[in-house]
Amino acid sequence: MTEITLAPMTRELFHTLYRGFENDPDIYMNMQYYTQYVYNSEKVDERFDSLQTPECVVFAVMLDGAPIGEVQLKRINRERNDCTLSIHLQNDAVKNRGFGTQAEKQAVRYAFDVLKLDAVNADAVLKNTRSQHVLEKAGFMFTREDEMFRYYRIENE
């Protein structure tokens with residue numbers, strides 16, 4: 001299996017990632033909100049800047065020296081000592097190859113070993129069974145669902 005690595009996300013990596021990004025209709029419960037993604041340098045800069053907070057750590061998912069996705073440990077809460085994981089892979093060419101599972105496992109290790117958190121939460125849109133499967137392969141346990149999402153959690157042993 002080809003190995004991926006996580007690298008601290010830089011503005012340059014963020015732009016490289018989003019130049020090749022394709023929106024995934026599977027993440028939309030309501031398709032009226034789905035639009036085809038069009039790269040916009042200013043919007044990418046705005047999004048990158050919005051992620052630069054103490055409550056968020058962002059990694060580039062790297063394959064052969066190029067970013068193929070992003071993983072965020074967001075909503076880091078030191079009182080509860082947990083956070084929420086989110087992941088976006090660039091396009092269908094890098095999906096269904098185990099990269100998401102590898103990236104999630106590495107991000108969870110970072111949350112536990114470096115950030116010293118007790119748990120990582122995640123969610124997936126109900127119809128996005130691929131994302132649900134990846135979370136389960138990465139060790140997350142299903143906790144509940146509502147009309148839009150399935151919720152997951154993994155705790156540090």
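Before anything else, a cut-off I need: I call a residue buried when its relative accessible area is under 20%. I also remind myself that this is a predicted model.

**Entry 1: strand β2**

I started with β2, which covers residues 57-63. How many of its seven residues are buried? I get seven of the seven, so by the under 20% cut-off the strand is mostly covered. In a regular strand the side chains alternate between the two faces of the sheet. I checked which way each one goes here: V57, F59, V61 and L63 point one way from β2, while V58, A60 and M62 point the other way, and all are buried.

**Entry 2: who pairs with β2**

Next I looked at the partners of β2. With β1 the pairing is antiparallel, over four bridges. As one example, I noted L6, whose bridge partner in β2 is V61. With β3, β2 also runs antiparallel, and there I find seven bridges. L63 has A66 of β3 as its bridge partner. β2 and β3 make a hairpin with two residues between them. I looked at the turn itself and found D64 with a positive phi of about 50°.

What is the order of the strands? I read β1-β2-β3-β4-β5-β7-β6, an open sheet of seven strands with mixed pairing. The edges are β1 (5-8) and β6 (141-145), each of which pairs on one side only. Ignoring direction, neighbouring strands are turned by 30° against each other on average.

Further along I checked β4 against β5: they pair in the parallel sense, over three bridges. One of the bridge partners here is A119 in β5, which goes with D82. β5 is mostly covered as well, with six of its seven residues buried.

**Entry 3: helices on the sheet**

I then asked what lies on the strands. Helix α1 lies across β1, β2, β3 and β4 (82-89), and its direction makes about 115° with β3. Helix α4 (residues 129-137) packs on the sheet too, touching β5 (119-125) and β7 (149-155). The direction of α4 makes about 160° with that of β5.

I picked I68, which sits in strand β3 (residues 66-77). Is I68 buried or exposed? Its relative accessibility is 6%, so I68 counts as buried. Skipping the neighbours within four places in sequence, I listed its contacts: I4, L17, V61, L63, H88, L89, Q90, V94 and F99. I also looked up K95, which is 27 residues from I68 in sequence and 9.6 Å away, C-alpha to C-alpha.

**Entry 4: α1 against α2**

Last, the helix pair. The axes of α1 (residues 11-19) and α2 (residues 41-50) come within 10 Å and cross at roughly 130°. The two helices are therefore oblique to each other. The crossing of α1 past α2 is right-handed. Which residues make the contact? From α1 I noted R11, F14, H15 and Y18, and from α2 S41, V44, D45, R47, F48 and D49. Sorted by type, the residues of this contact come out as four nonpolar, two polar and four charged.

Conventions: Residues numbered from 1 in each chain as written. Predicted model: local features only at pLDDT ≥ 70, side-chain atom pairs only at ≥ 80, totals over all residues. Heavy atoms only, no water. Axes fitted to C-alpha atoms, helices over the stretch in contact; angles between N-to-C directions. Parallel < 35°, antiparallel > 145°, perpendicular 65-115°, else oblique. Left-handed = near helix turned anticlockwise from the far one by under 90°. Contact = heavy atoms within 4.5 Å. Nonpolar A, V, L, I, M, F, W, Y, C, P; charged D, E, K, R; others polar. Buried < 20%, exposed > 50% of the residue type's maximum accessible area, 1.4 Å probe, protein only. Pairing = 2+ DSSP bridges.
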